[in-house]
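I set out to record how the secondary-structure elements of this chain are packed. The entries below follow the order in which I looked things up.

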Amino acid sequence: MDLHVRYEGDDDPEKCTARKLARFDLAELHRSDRATPYGVVLNPHADRALSPADREAAEHALVALDCSWESAGEKQFTIDGDHRALPYLVAANPVNFGKPMQLTTVEAFAGALVILGENDHAERILSKFTWGETFLELNEEPLRRYSECDGSSEVVEIQQEYLDR
């Protein structure tokens, strides 16, 4: 499963997980929507949650938008593809540790990969970060449960359990 990033370049380059993935040839950066391949786009504003049912569509490409949280508004997600929202997950990165839904690009990719049954791929990309394994540990139960779902509505039901806590 190829990882692609629609790269805005407005974050600190030293802390940018997308740039680090690209340095290790684990993801490809794209500077325009047109250059970004069609695939499953991780979009927090999407109407449907990512589920194992999206695996076939993600075989073409898994796409994330890398930009600062300040500019991550709905208008930024004009990339062509099947837009899916990641369900509730907790960040392990040093900037947003323990905060729900404040994931770095590599955390978003890793969460999506586990949901899609690509656990080894998730571990491989997270291995480049000292806190990478912590992301999988913090989210072990929800990721396991999401990855066992048949579709988006089941993922949303499970997500609601975590939101209600």
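**Entry 1: Phe135**

I began with Phe135, which counts as buried because its relative accessibility is 0%. I was working from a predicted model. I located Phe135 in helix H5, residues 132-138. I then listed its contacts, leaving aside neighbours within four places in sequence, and found Leu89, Val90, Ala92, Leu103, Glu107, Ala110, Gly111, Leu126 and Leu143. For Leu103, I noted a separation from Phe135 of 32 residues in sequence and a C-alpha to C-alpha distance of 9.6 Å.

**Entry 2: the sheet**

I next asked in what order the strands of the sheet are arranged. I found an open sheet of 5 strands with parallel pairing, in the order S2-S1-S4-S3-S5. S2 and S5 (82-84) stand at the edges with a single partner strand each, so one side of each has no neighbour in the sheet. I recorded an average twist of 30 degrees from one strand to the next.

**Entry 3: strand S1**

I looked at S1 (residues 3-7) in detail. I counted 3 bridges from S1 to S2 (residues 28-30), and the two strands run parallel. To S4 (residues 62-66) I counted 5 bridges, again with the strands parallel.

I then traced individual pairs. Val5 stands opposite Leu29 in S2. Arg6 has His30 as its bridge partner in S2, and in S4 the bridge partner of Arg6 is Leu65.

Is S1 mostly covered or mostly uncovered? I found it mostly covered, with 5 of its 5 residues buried. I recalled that side chains in a regular strand alternate between the two faces of the sheet. I therefore checked each side of S1 separately, taking buried to mean under 20% relative accessible area. Leu3, Val5 and Tyr7 are buried on one side, and His4 and Arg6 are buried on the other.

**Entry 4: helix H3**

I turned to H3 (residues 105-115). I found 11 of its 11 residues buried, so H3 is largely enclosed by the rest of the structure. The buried residues include Glu107, Phe109 and Leu113. Just after H3, I noted that Gly117 takes a positive phi of about 85 degrees.

**Entry 5: H3 against H4**

I examined H3 with helix H4 (residues 119-126) and found that their axes come within 7 Å and cross at roughly 165 degrees. H3 and H4 are therefore roughly antiparallel, and I recorded their crossing as left-handed. On the H3 side the contact is made by Val106, Phe109, Ala110, Leu113 and Val114, and on the H4 side by Asn119, His121, Ala122, Ile125 and Leu126.

**Entry 6: H3 against H6**

At what angle do H3 and H6 pack? I found about 45 degrees, with the axes 8 Å apart. That angle makes H3 oblique to H6. The contact involves Gly111, Val114 and Ile115 of H3 and Leu143, Tyr146 and Ser147 of H6. I classed the contact residues as 4 nonpolar, 2 polar and no charged.

**Entry 7: H6 against H7**

I recorded the crossing of H6 and H7 as right-handed. Glu141, Pro142, Arg145 and Tyr146 of H6 make the contact with Val155, Ile158, Gln159, Glu161 and Tyr162 of H7. I divided the residues of the H6 contact with H7 into 5 nonpolar, 1 polar and 3 charged.

I looked back at Tyr146 across the entries. Tyr146 takes part in the contact of H6 with H3, and Tyr146 also takes part in the contact of H6 with H7.

Technical notes
Residues numbered from 1 in each chain as written. Predicted model: local features only at pLDDT ≥ 70, side-chain atom pairs only at ≥ 80, totals over all residues. Heavy atoms only, no water. Left-handed = near helix turned anticlockwise from the far one by under 90°. Helix = DSSP H or I, 4+ residues; strand = E, 2+ residues; numbered from the N terminus. Contact = heavy atoms within 4.5 Å. Nonpolar A, V, L, I, M, F, W, Y, C, P; charged D, E, K, R; others polar. Buried < 20%, exposed > 50% of the residue type's maximum accessible area, 1.4 Å probe, protein only. Pairing = 2+ DSSP bridges. Axes fitted to C-alpha atoms, helices over the stretch in contact; angles between N-to-C directions. Parallel < 35°, antiparallel > 145°, perpendicular 65-115°, else oblique.
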